[in-house]
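My notes follow, in the order I took them.

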Amino acid sequence: MKNKLITFGEIMARFSPPDNLRLAQAMPGNLDVTFAGCEASVAVSYSILGGDSSFVTALPNNTLSEACINNLNSYSVDTSNILRLDKGRFGTYYLESGSNQRASAVTYDRYKSTISLSKPEDYDWESILKNKEWLHISGITPALSEHAYNATLFCVQKAKSSGLKTSCDLNFRSKLWQWNNSYSARELARSKMPEIIKHIDLLVGNEQDAEDVFDIKAQDSNFKNGEINIESYPKIAKNISNVFPNLSLIAITLRESVSANHNRWGAMLYDCTKKSSIFSPSKKDIYSPFEIKNIVDRLGAGDSFAAGLIFSLNHLKTDNKNALEFAVAASCLAHSIKGDYNLSTSDEVFDLVNGFTSGRVSR
C-alpha cells in the first residue's frame with residue numbers, strides 16, 4: 001500500500017504542572033509528563049484518523065527512548081526507522097498552561113539533543129522513503145542545529161526526487177534558530193528556510209510565521225492582540241506563491257485570542273494554481289470561526305490541523321473545500337484534549353463538520 005505518510009523531526013518529553021499551576025508553585029513536586037513534537041503529533045493524529053503513518057527521528061540509547069517508542073507504537077505509528085545512537089540526549093520542554101489573561105509559556109531544554117547532532121548520512125533515506133507517498137516536516141527541526149537543517153533539507157530533496165508529495169509547517173520559534181551567531185533567529189530562518197520550501201508542495205503556517213520567515217506581513221492585523229483581518233490573507237498567500245512557484249497549496253490558520261481560555265479558530269486554504277482561496281468554517285459563504293471558550297490544551301492544534309488536511313487530501317482524496325473543513329474541525333477538537341496529540345477519530349471530526357456541537361453524551 002502506497003498511501004503512507006512519513007514525518008521527520010524531534011520528539012521530546014513534555015513536563016507540565018497540573019491544574020494551571022506555575023512551575024514555581026509545582027516544583028519541587030509532581031509534573032505531568034507526555035511526549036510531544038510537531039512531526040510526531042502529526043503522525044499520531046494521522047494514524048488515529050485512520051491513515052498509515054511513520055515517524056523518523058534520532059534518539060539516545062536509554063529507557064526514556066524506549067518509553068517514547070512504545071508510546072508511539074500504541075497509536076499504531078511505525079517507528080522502525082527511528083535511529084538509536086550513542087550520542088546526544090532526549091530533549092524536553094516545560095509548559096505552563098495559561099488561564100484567562102495570563103498566557104501559556106514554554107521553556108525548552110533540548111540543547112544537544114540526539115537529532116540535533118545527527119547528520120544527513122546517518123539516515124538511510126532510500127529505504128526510509130520507499131513505498132511512502134507523503135513527507136511532512138516543520139520549520140522546528142532545521143532550527144535546532146546546522147546538522148538538523150542539513151538533514152531536513154536532504155530529506156525533502158530526496159523525497160521530491162522519489163516522487164513523494166511534501167508538506168511543511170513553518171512553525172517559526174524565536175527561542176530556536178540559535179546555531180549561527182552571525183544572525184538573529186529571524187535572520188537565520190529567513191536565510192535558510194527558503195532552500196527547504198523550494199521542495200514543498202503544501203505549506204502550512206499562520207500570519208506571524210509569514211512575517212517572521214518571509215517578511216510578508218498581514219495588513220491591519222495584530223498577532224499579539226489576536227486581531228485578524230481575513231481580507232489580507234489571500235494576499236499573503238499570493239505573495240508567498242509568487243516567491244515559490246513550486247507550491248500547490250498554502251494553508252494559513254486563523255487564531256483570534258480573546259484570552260488564554262477563549263479563542264476563535266479557523267483557516268484559509270489558497271490554491272496556487274487557481275489563485276483562489278476558501279475559508280472555514282463558514283455560514284452562508286461568510287467566514288464564521290469556531291468559538292472555543294473553554295480551552296483544555298491548545299498546544300498541538302496546528303499539528304492536528306496539518307494532520308487533518310493531509311489525511312483528507314491524501315487518504316480520503318477529497319477536494320480542497322472538504323479537506324479544509326475536515327482539518328479545521330479536527331484542530332478545533334484538539335483544543336479539548338490534554339497533551340499535544342489529537343486523539344479525535346474521523347467519525348468525531350465528521351460529526352463536528354456536520355454541525356454536531358452540543359457536546360451531548362454519545363451513548
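I began with the second largest cavity, whose volume comes to about 30 Å³ in this predicted model. I then listed what lines it: Glu10, Ile11, Ala58, Leu59, Pro60, Arg89, Phe90, Gly91, Ser113, Thr114 and Ile115. Strand S5 (58-60) and helix H4 (114-117) are the elements that give two or more residues to this lining. S5 gives the most, with 3 residues.

Next I sorted that lining by residue type. I counted 6 nonpolar, 3 polar and 2 charged residues around the second largest cavity. Because Asp, Glu, Lys and Arg count as charged, I put Glu10 and Arg89 down as the charged pair in this lining.

Then I turned to the largest cavity, and noted a volume of about 40 Å³. Its lining is made up of Leu170, Leu203, Val204, Gly205, Asn206, Ala210, Ile240, Ile250, Ala251 and Ile252. Which strands supply at least two residues each here? I found strand S11 (202-205) and strand S12 (249-257).

I sorted this lining too, and got 8 nonpolar, 2 polar and no charged residues for the largest cavity.

Note on methods. Residues are numbered from 1 along each chain as its sequence is written. This is a predicted model: local features need pLDDT of at least 70, side-chain atom pairs count only at pLDDT 80 or more; totals for chains, interfaces and linings use all residues. Side-chain values use heavy atoms; hydrogens and water are left out. On a 1 Å grid over the protein atoms alone, a cavity is a set of points where a 1.4 Å probe fits but cannot get out, and a pocket is an open set with protein on both sides within 12 Å along at least five of seven lines; lining residues have an atom within 4 Å of a point. Grid points are joined across faces, edges and corners, and a volume is the space filled by probe spheres set on the points. Helices (H or I, at least four residues) and strands (E, at least two) are DSSP runs, numbered from the N terminus.
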